[in-house]
Amino acid sequence: MASTLADRLSRLVKTMRGQARITETNVQEMLREVRMALLEADVALPVVRDFVARVKDKALGAEVVGSLTPGQALVGIVHKELAATMGELDEKGQLKAGASDINLHTQPPAVILMAGLQGAGKTTTTAKLAKHLIEKRKKKVLTVSGDVYRPAAIEQLKTVTAQAGAEWFPSTPDQKPRDIALAALDHARRHYFDVLLVDTAGRLAIDEALMAEIRELHATLKPVETLFVVDAMQGQDAINTAKAFKEALPLTGVVLTKLDGDSRGGAALSVRAITGVPIKFAGVSEKIDGLEAFNAERHAGRVLGMGDIVALVEEVTKGVDLESAKAMADKIKSGDAFTLDDFLLQLQQMKKMGGLSSLMDKLPTQIAAKAGANEMERAERDMRRMTGIIHSMTKLERRKPEIIKATRKKRIANGAGVQVQDVNRLLNQFEQMRDMMKKMKGGGLFKMMKKMGG
Ligand code: GDP
């Protein structure tokens with residue numbers, strides 16, 4: 001998905017550059033691109049629908065006053081919503097920083113049940129978690145394998161448990177998974193282990209016997225955490241597996257493995273939405289320390305294939321004098337005349353934000369490259385020229401541009417170091433803009449500048 005979504009969005013940002021604000025029409029166009037990109041990335045259809053609906057909601061209600069272009073504002077909204085979809089929200093609906101760690105709030109030993117298909121990475125993740133709990137949470141950890149169908153799986157757990165520095169409880173293929181679990185739990189209690197990690201058998205596909213077995217283990221062990229381990233590279237299969245496990249077990253969290261090999265990133269979106277539980281960790285390598293707390297914000301950036309979009313969005317909001325932007329919007333809404341002073345104010349706000357090209361620098365390279373540096377430079381030059389021309393006008397001229405006739409034009413042009421035709425052009429564009437402003441709530445600068453440049 002990385003390149004696809006970024007590609008689609010950058011094309012869109014470009015086509016929207018001439019547009020002054022977020023409208024029903026351009027949002028629709030953008031959402032079509034987002035929908036396509038997400039479907040291509042194997043995100044489940046209901047998840048895509050829900051996501052698109054939320055972006056639409058936010059976009060139509062968004063203040064674009066002062067932001068670069070509606071296109072970029074929309075990209076910011078998509079980024080934020082991606083993070084919100086994959087991450088955890090607090091009571092106020094804000095994205096929580098970082099991921100939720102393993103819940104150990106229970107009488108020790110805290111039992112953690114690992115569920116998932118064969119090959120998902122359960123055994124590897126069990127050892128990675130053991131290491132995490134030992135090093136970061138200072139816990140005494142025991143592991144046990146309930147995979148009585150594959151002796152090699154039991155041996156594998158023994159090996160990786162040793163690498164993690166945890167203890168391993170032996171089991172054999174002739175035992176019942178339930179008996180193994182009970183014996184391990186008893187051992188953990190008597191030897192004061194804080195945590196018991198239970199690796200389970202996975203089949204290649206969902207089957208009822210497997211589900212019945214893990215449900216029985218769950219009922220026996222009453223784990224404080226039931227983690228669904230899923231391979232991020234599985235695409236649509238990951239979605240079906242997630243559904244089946246969610247129906248069979250009261251899951252408490254997800255571990256998304258092999259994120260290092262996943263180029264499209266869609267699994268995280270689907271799995272979070274379908275299971276309804278937090279993605280707690282991400283597997284990022286085969287090695288025992290290849291486990292990270294899942295960071296939705298960062299993953300959203302990865303999914304978008306973007307540079308520092310967050311910094312860009314912050315920059316846009318920081319530079320804007322929200323007070324005067326709002327005053328301007330109110331004024332326009334109330335139908336008061338838009339004067340050259342208002343025009344100047346808008347130009348100054350653009351400048352305060354560091355100018356167009358400074359903002360362009362913060363855009364991800366894929367997008368910036370396509371936006372066209374020349375056009376940006378020309379727009380900035382025009383912006384400077386317009387500011388100069390308005391500065392050469394008297395207060396009265398700025399309020400009543402209709403009094404600016406030949407003599408005044410000449411004086412203004414001289415003062416600004418431009419030709420009379422530049423003054424004419426500015427006045428023409430100003431008039432057009434005033435008409436346009438009458439028809440809309442705010443913004444408009446960009447469209448106008450584009451016309452002036454062209
Ligand atoms: P299980 O059958 O669910 O227990 O899966 P395993 O733990 O045996 O893992 C299956 C394969 O995936 C092994 O080759 C692991 O090394 C590999 N694997 C597990 N987690 C990750 C990960 O996060 N990144 C990568 N690249 N490989 C992983």
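Before anything else, I wrote down the exposure rule: a residue is buried if 20 or more other C-beta atoms lie within 10 Å of its own, exposed if 12 or fewer, and partly exposed in between. I also noted that this is a predicted model.

**Met 36**

I started with Met 36, which sits in helix 2, residues 24–40. Is Met 36 buried, partly exposed or exposed? I got 14 C-beta neighbours inside 10 Å, so Met 36 counts as partly exposed. Then I checked Met 36 against Val 48: the two are 12 residues apart in sequence, and their C-alpha atoms are 9.1 Å apart in space.

**The ligand shell**

Next I went to the ligand. How many residues surround the ligand? I found 18, and the closest are Gly 121, Lys 122, Thr 123, Thr 124 and Gly 283.

**Residues 278–291**

In an unreviewed entry, UniProt lists residues 278–291 under "domain: SRP54-type proteins GTP-binding". Along that stretch I saw 43% strand and 0% helix. The C-alpha atoms at the ends of residues 278–291 are 16 Å apart.

**A cis bond**

Then I turned to the backbone. Which peptide bond did I note as cis? It is the bond from Pro 108 to Pro 109, with omega near 0 degrees. I placed Pro 109 in the loop between helix 4 (70–86) and strand 1 (110–115).

My last stop was a pair of lysines.

- Lys 138 has phi near 55 degrees, a positive value in a residue other than glycine. I found Lys 138 in the loop that runs between helix 5 and strand 2 (141–145). There are 8 other C-beta atoms within 10 Å, so Lys 138 is exposed.
- Lys 222 has a positive phi as well, near 45 degrees, and is likewise not a glycine. The loop holding Lys 222 lies between helix 8 (208–221) and strand 5 (225–231). Why did I put Lys 222 down as exposed? Because Lys 222 has 11 C-beta neighbours inside 10 Å, and 12 or fewer counts as exposed.

Methods:
Residues are numbered from 1 along each chain as its sequence is written. This is a predicted model: local features need pLDDT of at least 70, side-chain atom pairs count only at pLDDT 80 or more; totals for chains, interfaces and linings use all residues. A residue is near a molecule or strand if its C-beta atom, placed from the backbone, lies within 6 Å of it. UniProt positions are given in the numbering used here, feature names are shortened, and annotations may be inferred rather than shown by experiment. Helices (H or I, at least four residues) and strands (E, at least two) are DSSP runs, numbered from the N terminus.
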